[in-house]
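I opened this model to look up strands, cores, salt bridges and a few single residues. My notes follow the order in which I looked.

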Amino acid sequence: MPCIFSSKYLGLLDPQEKLFGEGEGGFRWSLDDDEERKELLTLRDQCQPLRDIVKQVSNSTWEKTIEEDQYFNGTLFRFPLRCESSEISDNLYDSDKIVQLFDSFIADADISLLFLRHVSNVSLMHIDTCGSVAVRLKVSLSSSPACSDSGDTDTDPSEGSTVFKNISSASLSDGERNTQWLVTSYCLEEGKVTKIDSLAEKLCYQPKVDLAFPCDPDNFISNGRLSCFLPLPNNESNWTGLPVQINASFGLTDNRRHIKWQDEDQKNDEAAQWNELLMTDVLPHTYLKMILDSIQCCRNSILPATSVYRLWPDIVQMEHKEKWHRIAMDLLERLLDEKAVLSLAKDEKIWVTPLDAVFPANDIEVPVLTSAVARVLMAENENLIYIPEHVVNDVKCVFPESDALQWITPRLVRDVLHRGGLEEVSHNDKLSLLEYVLSDGNYQELEGLQLLPLYNGIFKKFTDSDECTALIDNKEFPR
């Protein structure tokens, strides 16, 4: 029978009422009772599993815990294997199935503690019939504050927080491993969404969503998973396509392996309604706060700008996931709504809004030209940004009209060169700039630019003045 030992009590559960009689459902011993303490010391076979574990997890023996301490500082659960079918279930377990469960837990060891509130250490041990102990896994978690001064008016700091969580794990198969996560939690304030308030009270759920993002680039997530405090099974139905792990008090299916959605057969299911509202009304706030807080971390030199951009969803890759694609689009619209979310190429600690940024051109295929153009724009204090391809796609989805944004074009570079000087630009860069500003064929806009190269190595201005005529040799008229 299942057994629980905690503080001053030890209880046996008898759900089929076969041992303690009808209507009992089990029995509880109290360490405050002299007779019941003596009885626990005589039940050697029944209490042997607890004897073994108490020695492993505390500095006390079973006898000392029962007789002297009369208290156990912790909680032990014992779940014996079901060896034969019963009215409760016909699912039988043997040692091989338990090993499979252990292996699946070890595979998720680095994310299993991310969303637990009061558990910071887990050990997985195997004790054989001789009492020998083999530690298969040890995992521990520690937390430290992150930058939460995002300056965002849409998220109340009292409703959410962002922290770094460091997870250390050691297992026989994978050795030692350390991972760092950025974890953001956000709870919707009561009164903001009436339907969420009513369902939260009825279902006894909390309108809170947690997100976790791996800080190490080598630990990048391309298909985040759902968790309900512990990770749900690692299969396609629980993959979101987002680069973060998502946790919430989800309403789950009966087998607790999937979350409910409002499909045709569950239109009126309140748990499914709750899940939909969490994703549409709470998740975007949490995700927005995470990105804005990560930007503040970048300003404080705690995270690089590349990590912030890895947080952005890849909207193109998510097109086949209709539900999550809508959620990602909602996030991007909030994110790009006049918020400073793009870092300058010149100084990644400075962030600007999309409307104030100068986006890199995707039609410059020669790296030398790209570098020359970038150097002159940064020298003239233009808000040039460098962003990954998936962020470019995200911006284009939110701003389908390209006229709303400023992209690098030959005309833009000509305008910048007209405003500034070319004294500090190198000879090779001037040649590259000339090649680029000629590329769109608007030659009349070259007038006044000192980019015309002469044989003697100097550059003169383009002009239509007869006094400043420059001759260019070719095959018919060689030098």
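These entries go from the ground rules to the sheets, then to the cores, the charged pairs and single positions.

**Ground rules**

I am working with a predicted model, where local features need pLDDT of at least 70, side-chain atom pairs count only at pLDDT 80 or more, and totals for chains, interfaces and linings use all residues. Residues are numbered from 1 along each chain as its sequence is written, and side-chain values use heavy atoms, with hydrogens and water left out.

**Entry 1: the N-terminal strands**

I took helices (H or I, at least four residues) and strands (E, at least two) as DSSP runs, numbered from the N terminus. I counted two strands as paired if DSSP finds at least two bridges between them. Strand β1 (residues 3–7) runs antiparallel to strand β2 (residues 9–13), with four bridges. A hairpin through one residue joins β1 to β2. I4 has G11 in β2 as its bridge partner. G11 also stands opposite R28 in β3. Five bridges join β2 to strand β3 (residues 26–30), again antiparallel.

Together with L13, F77 and F79, I4 forms a nonpolar patch on the surface, with about 420 Å² of accessible area. Patch members have over 30% relative accessible area and no salt bridge; nonpolar side chains (Val, Leu, Ile, Met, Phe, Trp, Tyr) are joined within 5 Å, like charges within 9 Å. The areas come from the Shrake-Rupley method with a 1.4 Å probe, and for residues only the protein chains shown count as cover. F77 sits in strand β4 (residues 72–78). F77 is exposed, at 53% relative accessible area. My cut-offs: buried is under 20% relative accessible area, exposed is over 50%, partly exposed is in between (1.4 Å probe, protein chains only).

**Entry 2: the eight-stranded sheet**

What is the strand order in the open sheet of eight strands? I read β5-β6-β7-β8-β9-β12-β10-β11, with mixed pairing. β5 and β11 (230–231) stand at the edges with a single partner strand each, so one side of each has no neighbour in the sheet.

I then checked some pairs. Strand β5 (residues 121–127) and strand β6 (residues 133–145) run antiparallel with seven bridges. M125 stands opposite V135 in β6. Five residues lie between β5 and β6 in their hairpin, and G131 in the turn has a positive phi of about 90°. Nine bridges join β6 to strand β7 (residues 160–171), also antiparallel. There, S144 faces F164 in β7.

**Entry 3: the nonpolar cores**

I used this rule for a core: buried Ala, Val, Leu, Ile, Met, Phe, Trp, Tyr and Cys residues joined through side-chain atoms within 4.5 Å. Which members of the largest nonpolar core touch the most other members? They are I246, F250, W312, W324 and L342, out of 70 residues. Helix α7 gives the most to this core, with 14 residues. Another core of 25 residues lies apart from it, with L369, L422, L434 and L449 among them.

**Entry 4: salt bridges**

I counted a salt bridge when a side-chain nitrogen of Lys or Arg is within 4 Å of a carboxyl oxygen of Asp or Glu. The structure holds 18 of them.

- R136 and D103 meet at 2.8 Å, N to O. R136 is in strand β6 and D103 in helix α4 (residues 95–107), 33 residues apart.
- R225 and D108 meet at 2.9 Å, N to O. R225 is in the loop between β9 and β10 (226–228) and D108 in the loop between α4 and α5 (109–112), so the pair ties together parts 117 residues apart in sequence. R225 is buried at 6%, and D108 is buried at 17%.
- R419 and E382 have their closest N and O atoms 2.4 Å apart. R419 is exposed at 56%, whereas E382 is buried at 16%.

I also noted one network, in which R411, R414, D440 and E445 are joined by salt bridges that share partners.

**Entry 5: two single positions**

Is A272 buried or exposed? A272 is buried, with a relative accessible area of 0%. A272 lies in helix α7 (residues 270–299). Contact here means heavy atoms within 4.5 Å. Not counting residues up to four places away in sequence, A272 touches K260, W261, Q262 and Q266. A272 and K260 are 4.8 Å apart, C-alpha to C-alpha, and twelve residues apart in sequence.

E63 is in helix α3 (residues 62–69). E63 is partly exposed, at 32%.
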